[in-house]
Amino acid sequence: MELTDSLKALFIDTANTLKGTERRRFMPPPVQQLGPGGQRCAERELGWNRQTIRKALRELASGLICLDAFALRRRKRAEELLPNLLADIQAIVDSQSQVDPQFRTTRLYTRLTAAEVRRQLIAQKGYTDIELPTERTIASKLSALGYYPSKVAKTQPQKRSPKPTPSSIK
């Protein structure tokens, strides 16, 4: 089979309009028509990936459809890798937390920063530096657990200003 410019354009346009399984069902007949070396020719001339062509040929030969499962391809959450992480964070932060002094909100404020929580997880709970998530991730976990890191306000001494006396007022 000879690939003319109009035939190339037709194959490329058709393949670009299809997605997933439909696209892989479309690929094998033109590749097989190209004969030996058809996969390389299709890759070079049509811009099709040879891995996709091979998957399409296997699907055609076996009659089975390969599911891509893109939704399952993700990085696992820190809680999935370390199931006790949130409980350990709570154990460390609870002793250093306090409620809003004016009771305007139900937030829990803590003096510990995410970096300090991470250091204490290593020192107290036996985690290694490599297995623990980053400080930024621990900060987001603290926020999700309802803790808000904030500096404790130091008490300011009141200024001693001389009280006005009747003789000083003129």
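Helix 8 (residues 114–125) has 12 residues, which at 1.5 Å a residue should span 16 Å, and its end C-alpha atoms lie 15 Å apart, in agreement; the expected span is 1.5 Å times one less than the number of residues. Helices here are DSSP runs (H or I, at least four residues), numbered from the N terminus. The model is predicted: local features need pLDDT of at least 70, and side-chain atom pairs count only at pLDDT 80 or more, whereas totals for chains, interfaces and linings use all residues. Residues are numbered from 1 along each chain as its sequence is written, and side-chain values use heavy atoms, with hydrogens and water left out.

Just after helix 8, G126 adopts a positive phi of about 80°.

Helix 7 (residues 85–94) and helix 9 (residues 135–144) also pack together, at an angle of about 75° and with axes 11 Å apart; the axes are lines fitted to C-alpha atoms over the stretch in contact, and angles run from 0 to 180 degrees between N-to-C directions. The two helices are therefore roughly perpendicular, a class covering 65 to 115 degrees. L86, I89 and V93 of helix 7 meet I138, K141 and L142 of helix 9, contact meaning heavy atoms within 4.5 Å.

Elsewhere, ring pairs link F11, F26 and W48 into a cluster; rings pair if their centres lie within 6.5 Å. The F11 and F26 centres are 6.1 Å apart with planes at 65°, so this pair is edge-to-face, a label for planes over 60 degrees apart.

Terms used. Parallel < 35°, antiparallel > 145°, perpendicular 65-115°, else oblique. Phe/Tyr/Trp six-rings, centres within 6.5 Å; stacked < 30°, edge-to-face > 60°.
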